[in-house]
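Trainee: Hi! Could you walk me through this one?

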Amino acid sequence: MAGMRSLCRNEKRELKVLADDFRLSKRKDVQEIIKNCRSHAEGQQKIMRIYTDVYLK
């Protein structure tokens, strides 16, 4: 899997905290993002997109 990077525990923990703060952590799509994203920035962007869809539209 050359080029594939997985998140370290600390990065996953930070994304979980972000999801908890926005009350999104129980959503399956958010759990999948945290589990499968390749970078902290990618995961953060995807979680914020869901936050926008849920709370701001």
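Trainee: How many helices and strands are there in the protein?
Mentor: The protein has three helices and zero strands. Helices (H or I, at least four residues) and strands (E, at least two) are DSSP runs, numbered from the N terminus. Along the sequence, the pattern reads α-α-α.

Trainee: Where does the model come from, and how are residues numbered?
Mentor: This is a predicted model, where local features need pLDDT of at least 70, side-chain atom pairs count only at pLDDT 80 or more, and totals for chains, interfaces and linings use all residues. Residues are numbered from 1 along each chain as its sequence is written, and side-chain values use heavy atoms, with hydrogens and water left out.

Trainee: Why is the pair of phenylalanine 22 and tyrosine 51 called tilted?
Mentor: Their planes are at 40°, so the pair is tilted, and the ring centres are 4.4 Å apart. This pair links distant parts of the chain, 29 residues apart: phenylalanine 22 is in the loop between α1 (9–21) and α2 (28–36), and tyrosine 51 is in helix α3 (residues 40–55).

Trainee: And phenylalanine 22, what does it count as by accessibility?
Mentor: Phenylalanine 22 counts as partly exposed, at 23% relative accessibility. Buried means under 20% relative accessible area, exposed over 50%, and partly exposed in between (1.4 Å probe, protein chains only).

Trainee: What about tyrosine 51 and tyrosine 55, how far apart are the ring centres?
Mentor: The centres are 5.2 Å apart and the planes are at 45°, so this pair is tilted. Both tyrosine 51 and tyrosine 55 lie in helix α3, four residues apart, which is about one turn of the helix. Tyrosine 55 is partly exposed, with a relative accessible area of 41%. Ring pairs link Phe22, Tyr51 and Tyr55 into a cluster.

Trainee: Nice. New topic: how many salt bridges are there?
Mentor: The count comes to three salt bridges, each being a side-chain nitrogen of Lys or Arg within 4 Å of a carboxyl oxygen of Asp or Glu. One of them joins the side chains of arginine 27 and aspartate 29, at 2.8 Å from N to O. Arginine 27 is partly exposed at 34% relative accessibility, and aspartate 29 is partly exposed too, at 32%.

Trainee: Which residue does glutamate 42 form a salt bridge with?
Mentor: Lysine 46, with the closest N and O atoms 3.0 Å apart. Glutamate 42 and lysine 46 both sit in helix α3, four residues apart.

Trainee: And aspartate 53?
Mentor: Aspartate 53 forms a salt bridge with lysine 57, where the closest N and O atoms are 3.3 Å apart. Aspartate 53 is partly exposed, at 44% relative accessible area, while lysine 57 is exposed, at 75%.

Trainee: Last one: what share of the residues of the protein count as buried?
Mentor: Of its 57 residues, 23% count as buried. The accessible surface comes to about 4500 Å², and 50% of that belongs to carbon and sulfur atoms; accessible areas come from the Shrake-Rupley method with a 1.4 Å probe, and for residues only the protein chains shown count as cover.

Methods. Phe/Tyr/Trp six-rings, centres within 6.5 Å; stacked < 30°, edge-to-face > 60°.
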